[in-house]
Amino acid sequence: MEYQKLSRIAVAVAVSAAMLLGGSSGAMAATNTSVDEDFSEFVASLGVTPEVEGELQTGFDKLSLTDQESFLSRIESDPKSVLRFESSVRVRELEATPQVQARAAAAVKTYQAKDTVTASILNVNVGSFTTDFKYEANTTKVTRVLTCKGAWAGFGLTGSSSASNYITSGGLGACEVIFNMNVVIKGSPISFAKQHIIKTHSGNPGRYTATLENF
């Protein structure tokens, strides 16, 4: 009799454990489904190409469930925080491209300085800012600005850009483009402004420094 009683207790415990484990698995599956749906909704709101969508999904799938939930939480509280821009702390000193149509008689060359800064989500490139600065210079100074313009290419941002340029008394040339951007992420509109600057080096107009800053 005692043996039968113990057997019934063991069966009851086993059944309870199975129910608990089954419930846990079901809850886990429901959580995963909810996370995947939320992320798919976020990606759809970006308006990126199917190829980029696939890369974003792959990057998201590599995260642990905890990190996935944290990422989605950041989208809800501060959508801009999931966008990563190439650091403006990195100062790039690059050679501008001289055009062969130089006014040799006056020792003046035409230079083109172009800089591109990428924006990424989950280490996937989703867009880029490009600023194009064309100018004339002699061996030491910028003498005339020909063009200064900027453009955004990438996910569904709308907005405007304004460009300005100047030449200092010392012959340093600069092109500054301000991007005022707007995007709707999961029904929430967000906006931000970036200033992309190209500036030539004093005494050496064939070299320049480019930065992207918050504005």
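Predicted model: local features only at pLDDT ≥ 70, side-chain atom pairs only at ≥ 80, totals over all residues.
Which residues are buried in α2?

1. Helix α2 covers residues 50–61.

2. The buried residues in α2 are V52, L56, G59 and F60. Viewed down the helix axis, the buried residues of α2 fall within an arc of 100 degrees, so they line one face of the helix. An α-helix has 3.6 residues a turn, so residues three or four places apart point the same way. On the face of α2 turned away from the buried side are P50 and E51, which are exposed.

3. The structure holds 1 disulfide. Its partners are C148 and C175, with sulfur atoms 2.0 Å apart. Because C148 belongs to strand β6 (residues 142–154) and C175 to strand β8 (residues 173–185), the pair ties together parts that are 27 residues apart in sequence. The link between C148 and C175 is right-handed, with 85 degrees about the S-S bond. Both of these cysteines, C148 and C175, are buried.

4. H196 is located in strand β9, which comprises residues 188–201. Its relative accessibility is 0%, so H196 counts as buried, the cut-off being under 20%. Through its side chain, H196 makes a polar contact with the side chain of T131 at 2.8 Å.

5. Leaving aside residues up to four places away in sequence, H196 touches several residues, including D115, F129, E176, F179 and L212. C175, a partner in the disulfide, is also among the residues that H196 touches.

Key: Residues numbered from 1 in each chain as written. Heavy atoms only, no water. Disulfide = S-S within 2.5 Å. Helix = DSSP H or I, 4+ residues; strand = E, 2+ residues; numbered from the N terminus. Buried < 20%, exposed > 50% of the residue type's maximum accessible area, 1.4 Å probe, protein only. Polar contact = N/O pair within 3.5 Å; in protein donor to acceptor, adjacent residues only side chain to side chain. Contact = heavy atoms within 4.5 Å. Expected span 1.5 Å × (residues − 1). Arc of directions from axis to C-beta.
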